[in-house]
Amino acid sequence: MNPSKSIKILFLFFSLLILLSSCESKKKYELEWNDAQVDYSNKDFNSCLVNLNIILSDDNYTGDLKPRALFLVSEVYLNEFKENDISITFLNKIINNYPDHEMAKRALFTKAYINANYIESFTEAVELYKQFLNIYPNDDLILSVQYELDELKKYESKISDLIKK
């Protein structure tokens, strides 16, 4: 057989092997994602986090499920474990590492909401909501952002007094 033809066949074989491997990897993460969602629905939050961690721990996986997994992890820590700071840490990972992903806007809104409604960091919340308005001026969440900003105006004098001190 021609050596050039052998190299082409070998190259084709390895390309096919890589392609099949990546398809299996994608399917594996989709299964983990589905399991995590079932666990979340069943209120088995520890198992949910284990499944999500499988998606998040693979540095070679760059698929769409990673920011979604980060968001669900943040939701678990916020709503189920009442760990606001941990939740914000995961939201920051989405905002910083996946700024063009659809989950980034949800992460930014949720981070602002946590600051306003859970930890009463009103100044930070106002800044985050304004950032949201600048980045996503035509988004469906704009009415909610404007509502939240209007609610935060009630605290403006309190914020001003704290800044002056």
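## Burial classes and the model

A residue is called buried under 20% relative accessible area and exposed over 50%, with partly exposed in between. D150 has a relative accessible area of 44%, so this residue is partly exposed. Keep in mind as you read on that this is a predicted model.

## Salt bridges overall

Let's turn to the charged pairs. The structure holds five salt bridges, among them the pairs described below.

## The D64, R68 and E102 network

D64, R68 and E102 are joined in a network of salt bridges. Within this group, the side chains of D64 and R68 meet with N to O at 2.9 Å.

How accessible are the two partners? D64 is partly exposed at 39% relative accessibility, and R68 is partly exposed as well, at 22%.

## K105 with D139

Another salt bridge pairs K105 with D139, whose closest N and O atoms are 2.5 Å apart. K105 sits in helix α5 (residues 102–117), while D139 belongs to the loop between α6 (122–135) and α7 (142–152), so this pair ties together parts that are 34 residues apart in sequence.

Here the burial classes cross the cut-off. K105 is partly exposed at 25% relative accessibility, whereas D139 has a relative accessible area of 16% and is therefore buried, as that value is under 20%.

## D150 with K153

Back to the residue we started with: the side chain of D150 meets that of K153 in a salt bridge, at 3.8 Å from N to O. That value counts because the definition asks for a nitrogen within 4 Å of a carboxyl oxygen.

Key. Residues are numbered from 1 along each chain as its sequence is written. This is a predicted model: local features need pLDDT of at least 70, side-chain atom pairs count only at pLDDT 80 or more; totals for chains, interfaces and linings use all residues. Side-chain values use heavy atoms; hydrogens and water are left out. Buried means under 20% relative accessible area, exposed over 50%, partly exposed in between (1.4 Å probe, protein chains only). Helices (H or I, at least four residues) and strands (E, at least two) are DSSP runs, numbered from the N terminus.
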